[in-house]
Amino acid sequence: MKRLRIATRQSALALWQAEHVAARLRAAHAGLDIQLVPMTTRGDQIIDRPLAEIGGKGLFLKELEVALQEGRADIAVHSLKDVPMELEPGFAIGAVLERADAADAFISNAHANLSDLPTGARVGTSSLRRQAQLRALRPDLHLLDLRGNVNTRLAKLDAGQYDAIILACAGLERLGLGERIRSRLSAPDWLPAVAQAAIAIEQRAADDGVAALTRVLDDADTRRCVECERAMNRQLHGSCNVPIAAYCIETENGLLLHGLVGDASTGRLLRAESHASDRSAGEMLGQRVAHMLLEQGAGEMLGN
């Protein structure tokens, strides 16, 4: 192939990720002509309601997948945390790039960390996962929905609509906004979204030419960990409609997975963790942690 077209959302973060993939591909394949195909998705258009009410994170993918189906693009670049656990038939994840900082960021103009917030402080996040963990730690806080791209959310904080907001560290750092991070909310005490901070390349499953180009960007360590997390989520039938969190790391002894299911209205959290000495056993490890959570009553919390 001499030309590769990348479908991407038009937000600043999505464009950064697409440009990052493009630069990596140009470095790996001399002479490859890469073009970005920016587009707006339904998830970008509806910003006045929580994602859980309008169909979930998959709304950020549909238009990009249609572009792949119709041959208007060859690959699509996503935040892997936005990719459903089961892809539509005919699509595949061709590469998962090395994961960045998976922690969440506490951002405030007046307070250094979560514990410093006064009683009743207004905290912005539309993530049910973040809401559940916030309620568990600080049931006194007033949690408010917060949608829009990173700069929009920061602008709402700066305008005084919130006392603090929670965003992903990776997104802030990729946009050169790392100085806005007042403190990190990190594992194992605070768990991120499944596959948070990992960039994925989606492509047509049968396109061998594209696969030959993208596979060089696949980071085996990251893929093992995020596939373990996604296996847990898949076993729980999770989506953005329910507060599920997971974080898998490689240790000297193999893979270690932390999993969490929460209730955003009460702050009740169920936690489980397990390890596998075989690094290729991520799927089984994810299923095992899911079953541990189900044994604690996660099924009832998830409505399964």
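1. A salt bridge here is a side-chain nitrogen of Lys or Arg within 4 Å of a carboxyl oxygen of Asp or Glu. Keep that in mind as you look at this predicted model, where Arg5, Asp74, Arg204 and Asp207 are linked in a network of such bridges.

2. Let's look inside that network. Aspartate 207 pairs with arginine 204, and their closest N and O atoms are 3.0 Å apart. How exposed is arginine 204? Its relative accessibility is 21%, so arginine 204 counts as partly exposed.

3. The general idea is a friendly one to remember: side chains of opposite charge can pair when their charged atoms come close. Counted by the rule above, the salt bridges come to 20.

4. Now find aspartate 140, which forms a salt bridge with arginine 138. The closest N and O atoms of this pair lie 2.7 Å apart. Is arginine 138 buried or exposed? Arginine 138 counts as buried because its relative accessibility is 14%, and the cut-off for buried is under 20%. Aspartate 140, at 29%, counts as partly exposed.

5. Which residue does the side chain of arginine 223 meet in a salt bridge? The partner is aspartate 218, at 2.9 Å from N to O. Arginine 223 has a relative accessible area of 18%, so arginine 223 is buried. Aspartate 218 is partly exposed, with a relative accessible area of 27%.

How values were computed:
Residues numbered from 1 in each chain as written. Predicted model: local features only at pLDDT ≥ 70, side-chain atom pairs only at ≥ 80, totals over all residues. Heavy atoms only, no water. Buried < 20%, exposed > 50% of the residue type's maximum accessible area, 1.4 Å probe, protein only.
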